Amino acid sequence: MVADYLVIALYIAGMVGVGWYGMRLARTKSDYLVAGRRLGWFMYSGTMSAIVLGGASTIGGVGLGYTHGISGAWLVLTIGLGILLLHALFARRLVKLRVYTVSEMLDLRYGGSSTVIAGVVMWGYTLMLTVTSTLSFATIFNVLFQLPSALGIAVGGSIVVLYSVLGGMWSITLTDIAQFVIKTIGIMFLLLPVAVTAAGGFGEMSSRLDPSFFRLDSIGGATILTYVLTYGFGLLIGQDIWQRVFTARSPKVATGGGILSGVYCLAYGFTGALIGTAARVLYPNLGDADDAFATVVEQLLPSGVRGLVLAAALSALMSTSSGALIACSAVSTTDILAKLRRRPAEGSDVSASRLTTLVLGIVAIGIAMLVDDVVNALTVAYNVLVGGLLVAILGGLVWKRGTRVGAVASMVVGSVVVIASMVVFGLSANEPIYYGLGAALVSYVVVSLLTPPTDPAVLRAWTRRLAGAPAAVEPAEASAGRAEPAEQTGADK
């Protein structure tokens, strides 16, 4: 294991070093929260892939493959489909808005301050996503060093908090690119061929497993639909995902890079499912399907290579955790603290963003240590996010007749129906998301039609921004002579 420890140590040192370098780049709020809106194709695609493919997609995806065969890919496939849909339909417009949060987009679209509910829901969602990702460090560090759960959470969480606090989105972007490369090599180019070869190849696997393991629908239509509604739609509106969209240098970069990321996610989904299927042939009696990943790594890979693949799993967790943490920080400073102060956050106040990120990181580590299983809490957050906010957000992007009152009504009704349905049917039931979305849609359409249309001046400002009109320049950027340019090329428009 000495070689494995050395690889992991070098990986961790590299992440902290990149975070320290990112601190030099984070001089304004724009730098800290959205990497100065300057990412090109490769960096944008890599960081988008890194944020969406976390521990659930890697360790959980292999576990689903162990249980259901290639149909276990559907969890990650719906993530990929959500990324493709977001970038094919909405990314160009989102980049041109030049905002920091989902709630700011709602304020711009509907006029006035209509987003207190949205800000609170998004804050809870991003915090619980941070907690869940931080909790997963316990498994990896237990496999690596036999550390107790609390100590593993503290070590992994502290590394993420350190590089996130130092450089914000620049540090996270640079570490995500390294993590994306490591994850691709370790999971797709090393673990997959080794596992399939050890299982005897596809012919041997098909002869030893039930035919259902090689059907794409064996996981069940209801489960697939729930994945689409929860994760596919959740990716359309999550602050952690939108904040990555805002980092793109241009609408063209966002669209092209995002589509590449979506295709990568589809390939990653089948990779995990096939590794899990091979593990079912090799180790048919595992007590827990989620142990399939660690078992394959420990039993099949030589020292050193094993460390690289474990670093790949660690990188998946760190990418999701750091992305959720910076998203929660953005919501806190822009949507909640600024409203409590009743004035906008200062554009150059990077120190406030760093302090907020530090406090939220410590809170997330503390919650992860106290709670053994936050899956139910994350389910609640996802259900309320999609059931409460999806209609108001997508409605604002595609339907001009939607009004502020209609948006607020859909948020309130959708959230209440989701929560009530979870009480009646259970936290893991499918019904809450169905009923919540239906109630939100009806409320949005009916109330919007019964109330006066949105002020034409608000819609004109919205239309101008969608056309690429620049947002106000941040004071610190203007004084530094590096104001963010408006979209300039005809191709980008």
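How are α9 and α10 oriented to each other? Before I answer, a word on the basis. This is a predicted model, in which local features need pLDDT of at least 70 and side-chain atom pairs pLDDT 80 or more, while totals for chains, interfaces and linings use all residues. Residues are numbered from 1 along each chain as its sequence is written, and side-chain values use heavy atoms, without hydrogens and water. Helices are DSSP runs of H or I with at least four residues, numbered from the N terminus.

Helix α9 covers residues 137-145, and its axis lies 8 Å from that of α10, at an angle of about 110 degrees. Here axes are lines fitted to C-alpha atoms over the stretch in contact, with angles from 0 to 180 degrees between N-to-C directions. The two helices are therefore roughly perpendicular, a term for angles of 65 to 115 degrees; under 35 is roughly parallel, over 145 roughly antiparallel, and the rest oblique. On the α9 side, F137, A138 and F141 make the contact (heavy atoms within 4.5 Å). Their partners in α10 are S149, G152, I153, V155, G156, G157 and V160. By class, this contact has six nonpolar, four polar and no charged residues. Nonpolar means Ala, Val, Leu, Ile, Met, Phe, Trp, Tyr, Cys and Pro; charged means Asp, Glu, Lys and Arg; the others, Gly among them, are polar.

Let me stay with α10, residues 149-198. A straight helix of 50 residues would span 74 Å at 1.5 Å a residue, yet α10 spans only 31 Å between its end C-alpha atoms. The expected span is 1.5 Å times one less than the number of residues. At G167, α10 bends by about 125 degrees, the angle between axes fitted to the seven residues ending there and the seven starting there. Just after α10, G200 has a positive phi of about 95 degrees.

Helix α7 (residues 102-110) and helix α21 (residues 456-466) have axes that come within 7 Å and cross at roughly 125 degrees. That makes α7 oblique to α21. M105, L108, R109 and Y110 in α7 meet V458, L459, W462 and R465 in α21. These residues divide into six nonpolar, no polar and two charged.
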